[in-house]
Structure formats: structure tokens, C-alpha cells
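Work through the exercises below with the structure open, and try each task before you read its solution.

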Amino acid sequence: MVGASLAAVHAIEGLREHGYAGEILLIGAEPHLPYDRPPLSKEALHHGPELDKVHLRAPEWYVEAGVELRLGRRAKHLNPARRVVVLDDGTQEEYDGLVLATGSTPKTLGGVGPVHTLRTVDDAIALHGQLTPGRHLVVLGAGFIGLEVAATAREMGLDVSVVELAPVPLTRVLGDEVGQWFRTHQEAHGVQLHCGSVLDGIEAGARGSKIRLQNGTVLSADLVVAGVGVTPATGWLEGSGVRLADGVVCDKSLHTSVPGVVAAGDVTRWYNALFDEEMRVEQWTNAVEQGRHAAASLLGAVEAYTPVPYFWSDQFNAKMRFVGRANAAEQIHVERMDDTSMVALFGRDGVLRGALCVNAARRLALYSRAIRDQVPWGDVVES
């Protein structure tokens with residue numbers, strides 16, 4: 001296993017549950033045991049991360065599962081011909097089967113700083129120590145991570161501003177009308193949003209930073225967090241023969257282009273026949289299910305991996321749950337919208353493709369089944 005991640009932990013469980021009794025080696029770039037990432041932008045950021053509470057499994061679990069740990073070591077090169085992974089200390093680890101589960105890394109602003117990112121537990125520890133009431137936090141990017149950090153910081157008593165290039169938050173994912181609901185919700189809780197704004201530069205000073213926007217606005221910030229997306233962690237695979245294209249390209253059962261190697265989690269791009277689409281999914285539930293499926297495929301299973309993707313985001317008192325896909329939607333139908341809740345449906349190719357429920361979780365299972373069954377759009381949308 002390369003990548004001490006959620007997908008890797010569930011791949012280990014999948015291997016053992018399918019009867020694999022051989023050696024398992026888990027290689028992780030961070031010195032920590034695999035941990036849960038979603039809390040890092042919410043409760044762990046608010047209260048300060050405690051490793052024993054975010055660990056995916058207790059230390060003794062790895063002993064009982066017969067897993068050898070190689071933590072704090074980064075994979076640097078893969079030689080599929082020799083079936084060897086080379087680590088950053090020069091160690092060469094041979095394998096019979098390999099699971100790529102290295103996840104993703106935050107995009108940066110090309111040396112502009114000082115700017116925090118939030119991807120690791122160490123990032124959360126460093127950021128938590130600076131989130132004190134009365135300070136001004138500027139968040140660059142109004143994606144889900146950016147909005148979650150903004151909500152957490154506001155609840156902690158900070159003044160919060162969010163800078164977003166798009167006209168409303170999340171418009172590229174969910175469309176303008178749905179995105180506007182999230183903007184209104186954030187603003188109702190005191191977050192200032194600067195949408196349709198282009199960053200011109202950041203000037204660091206002794207008392208903080210000046211964020212200059214191209215429209216002439218200048219924001220004085222005590223600290224700055226960038227949430228401008230992630231990229232799959234595939235740099236170490238370049239030149240290995242593993243096919244790469246915004247992730248590790250896999251077939252329908254998660255096999256890569258080289259024998260004996262599968263992939264799972266954020267790093268994986270595969271063909272999902274249910275949606276007739278090649279996709280890469282950066283979601284918790286996908287990492288769990290994909291890790292287990294990749295393990296089964298490595299042991300000889302041939303079933304296609306065809307999930308209905310699911311993810312969530314909590315911002316203030318809004319509990320958002322989403323199933324399916326919203327990208328390239330041809331129809332967006334807002335079935336319900338008020339100050340505290342929303343239900344929006346997304347259609348493409350004449351069928352329901354995605355559904356978003358905010359504080360309306362009981363509708364989610366119905367829509368998930370409809371997406372799985374490819375129910376026609378007209379049979380789902382209320383006239």
C-alpha cells in the first residue's frame with residue numbers, strides 16, 4: 001500500500017476479509033497513522049486536532065491485521081518491471097500486488113504568501129493555534145473546504161472574508177441558483193463574500209497581510225487560507241509506465257495500465273459505467289468503497305466499480321448531502337428552497353443524475369435509488 005489513507009485502510013480490511021494471509025506493507029509520507037480528514041475543516045479545527053480521536057484505527061489494529069508500517073517515508077519511484085517501489089531514503093520495497101492510494105495535495109498560489117492550506121493534521125494544528133476571536137481571516141476560494149473553514153472560523157469568533165473568482169460559490173459544481181443559496185447562508189452568519197473577484201496580489205507585513213483584488217478592493221488579514229482545489233498525488237509515478245491523466249487512469253475494476261497494480265481514493269480516475277463517464281471522486285465514502293473494491297480486484301475479482309457517489313458538507317446549521325453527479329447537468333430543478341433547507345435535482349441524458357439535499361436528508365435515499373435505477377427525469381421532477 002502506497003499512501004497511508006482512508007482508501008488504504010479499507011483496502012487492507014478488504015484483503016484480509018477476502019482471505020489474503022500474506023504480508024502487507026503500508027507506506028505513508030506523513031509520520032502519523034492514517035487519520036480522518038473531513039473533521040480537519042470542522043470540529044478538529046475548532047477544538048484543536050487530537051490524533052487519537054482522528055486516527056482511523058488504533059495502533060493495535062495494525063498489529064492484529066499483520067500490517068508492517070513504514071511511516072514518514074515518501075515513495076519516489078515505481079519500477080513495474082522489477083515490481084519495486086523506491087522510497088525517499090533509497091529503500092527498495094518489492095511487491096507482488098500494489099495499491100496506489102496516495103490521495104491528493106492542495107493547489108498553491110505559486111509562492112504567494114504567507115498562505116495556509118488545510119490538508120493534513122499538521123496543517124490543522126498550525127491553523128487552529130492562530131484562530132483567535134477578533135482576528136480577520138481571509139479565505140481564498142469558495143469551494144466546500146473554503147466555506148467549511150469560513151464557517152468554523154466564524155463560529156470561533158473571527159471576522160471572515162471569502163474571495164472567489166466565480167460570481168457565486170460552487171457555481172461550477174452546482175450552478176448559480178444553488179450556489180447563491182450557499183452565499184446567502186454564509187452571509188446570514190456574518191461571512192463577507194467577495195465573489196467575481198480576481199486576486200491581484202498578497203503583501204506580507206509585520207501585522208498581517210494585504211490582499212489586493214483587481215477591482216481595487218484591499219483586505220487586511222491577520223491570516224490567509226487558500227482553498228483553491230487539489231491535484232492528485234501522482235508525481236512520483238511519472239515515467240513508470242502507469243498511465244496518468246489528472247489521476248491514475250484505471251479500468252472499470254480499478255486495475256491500472258501495468259500488471260499487479262490497482263488504485264483507490266482521490267488519486268483514481270476510472271470508468272463508471274452507471275454514468276457512462278470517466279471520473280475521479282474526492283469523497284470520503286468513495287475512498288472507503290473503492291479501497292475495498294480495489295483489494296478484491298487485486299485478488300482476482302472482475303466486477304466493475306459502479307457507485308452512486310455521495311458526499312456531505314456541514315456549514316453552520318446547514319447539513320448538505322449530495323448523491324450522484326452534477327457536472328455537465330442539462331437540467332437543474334430546485335424542488336424546494338427556503339432560508340434553512342433546499343432540495344435540488346440535476347438531470348442529464350433524460351435521467352436523474354444528481355440530487356442535493358440541505359437539511360432534508362430523508363429524501364436522499366429515494367434519489368440515490370432513482371439515480372441507480374436511471375429513472376427518467378420527467379418521472380422524478382414534480383411538475
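This is a predicted model: local features need pLDDT of at least 70, side-chain atom pairs count only at pLDDT 80 or more; totals for chains, interfaces and linings use all residues.

**Exercise 1.** Find which residues Glu164 is in contact with, leaving aside its neighbours within four places in sequence.

*Solution.* Taking contact as heavy atoms within 4.5 Å, we find Gly141, Ala142, Gly143, Arg172, His194, Cys195, Gly196 and Ser197 around Glu164.

Residues are numbered from 1 along each chain as its sequence is written, and side-chain values use heavy atoms, with hydrogens and water left out.

**Exercise 2.** Decide whether Glu164 is buried or exposed.

*Solution.* Glu164 lies in strand E9, residues 159-164, where a strand is a DSSP run of E with at least two residues. Buried means under 20% relative accessible area, exposed over 50%, and partly exposed in between, with a 1.4 Å probe and protein chains only. Because its relative accessibility is 6%, Glu164 counts as buried.

**Exercise 3.** Work out the strand order of the open sheet of five strands, and name its edge strands.

*Solution.* The order is E20-E21-E24-E23-E22, with antiparallel pairing, where two strands pair if DSSP finds at least two bridges between them. The edge strands, each pairing on one side only, are E20 (310-315) and E22 (331-337). Inside the sheet, E21 (residues 318-324) and E24 (residues 351-358) pair over five bridges, and Phe322 stands opposite Leu356 in E24.

Definitions and conventions: Helices (H or I, at least four residues) and strands (E, at least two) are DSSP runs, numbered from the N terminus.
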